[in-house]
Amino acid sequence: MVTIEGLKKSFGEVTAIGDMSFNVANHEFLSIVGPSGCGKSTALRVIAGLTEPTAGKVLVRGAEVRGPIKDVGMVFQAPVLLPWRSVLTNVLFPIEMRGERRSKYQAKALELIKLAGLEGFENHAPYQLSGGMQQRVAICRALVSSPQLLLMDEPFGALDIMTRERMGFELQKIWSVGRQTVIFVTHSITEAVLLSDTIVVMSGRPGTIKKIVKVDLPRPRLASMMKDPRFVELAADVRDQIDAQWVE
Amino acid sequence: MINALKHLRPFLGFVVLLVVWQVGVRLANFPEYILPAPTVILARLWATRNEQLYHLFVATGFTTVVGLALALVVGVLMALAVVYIKPLKAMIMPLLAAFNSIPKIAVAPLLVIWFGLGAETKIVLAFLLSVFPIFVNSITGLGEIEADVLDLSRLSGGTPWRIFLKVRLINAVPYITDALRIAFPLALVGSIVGEFIAGNVGAGYLVLSGQFNLDTPLVFAALLCITLFATLGITLIGLLENHFVTWKHSTRRR
């Protein structure tokens, strides 16, 4: 689905991404983990075609990325909901941006809202929702046009630790229905192990890949698995790869 | 009973002021041409009611609203140009800042030369005084959109036109209504100053003619009408805002 070849990105003097190459298969859930400032988010923006790489290239579905890619869902750290829209019309926002009729996707949107546990809140305004609920709306919005690729940039980074853990399971539930290809940027090791098929561990700036870890835990991943020896082992493996500058 | 009193509190200040004014003027035996008592002012207002309404709505109100409407259209269009054509901003902003620091009222005599003694001069003055706040607020409302929102729109296939209609324009509405709240009294000042310096209609002209004839109650009566008109305008803008931008108030309240 996505191929990254020798990706480098500098901002003036600062090298954000040193060298990065990896593949993401169809239906794979891949996480990028690393310390702050290792270029994780930048990598995601380059993949989305929102920023140009300094060197190297990104292929999505075999085509080189030049400019914002199509058929993709994106979730940011902040929910970025439009305050004048309801939950439902926020979810349908990408449809309007594509120039299609909202009504065509109404059923799909309602189905996603229900799946995300937001039934009954369709007509609420964003400010009436908690942070976790707002982020769930953002996830529904990313999925409303049924994209095959989902890019998530620390989507739970702004949530409290309890909500964050619950959101991980929520995401797994929503994802298991569509099995989209996901590239998920996070700095939480547990989150990465819990959700991913593959974890790309990055070093600090300039960001380079230290190791690619395959997560061979069965799905669905349950809360009880977090105490499983294999889970602990994988998490320790990822942690060992991360520099001393890592701060959780 | 206590609750009823609570609701009356905002009016209590006015009542106290009026009573003190009335009794004070009577006791001190002030001449009417210095400070007329409130009852005298009200009587004068009632006696001149048709004249007052005519001058207020046919002249002052008309030039204020037309000037403000022009300022709204031009202010928003200029903001659009600056937001969409980046090099224009660097070029135009210092010019406008310099222009804005000219006291517009000092330009009024020039406007009389250019536009004559009629409504045009007042409209231009009202426009000049109110266009800047609308322009500046529109730039913020149209231009300062979260980067993530724009990225999201682009990734969803949003064209500049759709992003303008569904994101920028709606985001700008509360900024523009905020600006109108400031611009409306400014436009009113423009109209009245215009009436001071030229012509023989309008609430400003009534104030002036009261002064010429030492008819101080008329001056006060005209001022009262102007104040009521300004309050009416600001209230209308507030109602419009409450109706259209419920979301902005809700986020503010948090």
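In what sense, parallel or antiparallel, do strand β4 (residues 55–60) of chain A and β5(A) pair, and over how many bridges? The model at hand is a predicted one, and in it β4(A) and β5(A) run antiparallel, with two bridges holding the pair together. One position to look at is L59(A), whose bridge partner in β5(A) is E64(A). As for confidence, the predictor assigns the complex an ipTM of 0.86 along with a pTM of 0.82. Chain B comes out with an average pLDDT of 90, and 96% of its residues score at least 70.

The β4(A)–β5(A) pair belongs to an open sheet of 10 strands in chain A, and reading across it gives the order β5-β4-β1-β2-β10-β9-β3-β8-β7-β6, with mixed pairing. At the two edges sit β5 (63–64) and β6 of chain A; each has a single partner strand, so one side of each has no neighbour in the sheet. Helix α8 (residues 229–241) of chain A packs on this sheet, where α8(A) touches β3 (29–33), β9 and β10 of chain A. The direction of α8(A) makes about 165° with that of β10(A).

Strands of a sheet pair through backbone hydrogen bonds, in either a parallel or an antiparallel way. With strand β2 (residues 14–24) of chain A, β10 (residues 207–214) of chain A pairs in the parallel sense over two bridges. Here D19(A) stands opposite T208(A) of β10(A). With strand β9 (residues 198–202) of chain A, on the other hand, β10(A) runs antiparallel, and five bridges join the two. I199(A) has V213(A) as its bridge partner in β10(A). Four residues lie between β9(A) and β10(A), and the two strands form a hairpin.

Now for the helices of chain A. Helix α5 (residues 131–143) of chain A and helix α6 (residues 161–178) of chain A have axes that come within 11 Å and cross at roughly 20°. The two helices, α5(A) and α6(A), are therefore roughly parallel to each other, and their crossing is right-handed. On the α5(A) side, the contact is made by G131(A), G132(A), Q135(A), R136(A), I139(A) and L143(A). These meet T163(A), M167(A), E170(A), L171(A), I174(A) and G178(A) of α6(A). Sorted by class, the contact of α5(A) with α6(A) has five nonpolar, five polar and two charged residues.

The axes of helix α2 (residues 38–47) of chain B and helix α10 (residues 216–244) of chain B come within 8 Å, crossing at roughly 75°. That puts α2(B) roughly perpendicular to α10(B). From α2(B), the contact takes V40(B), I41(B), R44(B) and L45(B), while α10(B) brings P217(B), L218(B), F220(B), A221(B) and L224(B). The tally for α2(B) with α10(B) is eight nonpolar, no polar and one charged residues.

That leaves the place where the two chains meet. There, 18 residues of chain A are in contact with 18 residues of chain B. On the chain A side, β6 (72–75) and α3 (93–97) each supply at least two of the residues that touch chain B. The largest share of that side, three residues, comes from α3(A). By class, the side of chain A that touches chain B has 14 nonpolar, one polar and three charged residues.

Definitions and conventions
Residues numbered from 1 in each chain as written. Chains lettered and ligands numbered in written order. Predicted model: local features only at pLDDT ≥ 70, side-chain atom pairs only at ≥ 80, totals over all residues. pLDDT = per-residue confidence, 0-100. Axes fitted to C-alpha atoms, helices over the stretch in contact; angles between N-to-C directions. Parallel < 35°, antiparallel > 145°, perpendicular 65-115°, else oblique. Left-handed = near helix turned anticlockwise from the far one by under 90°. Contact = placed C-beta atoms within 7 Å. Nonpolar A, V, L, I, M, F, W, Y, C, P; charged D, E, K, R; others polar. Pairing = 2+ DSSP bridges.
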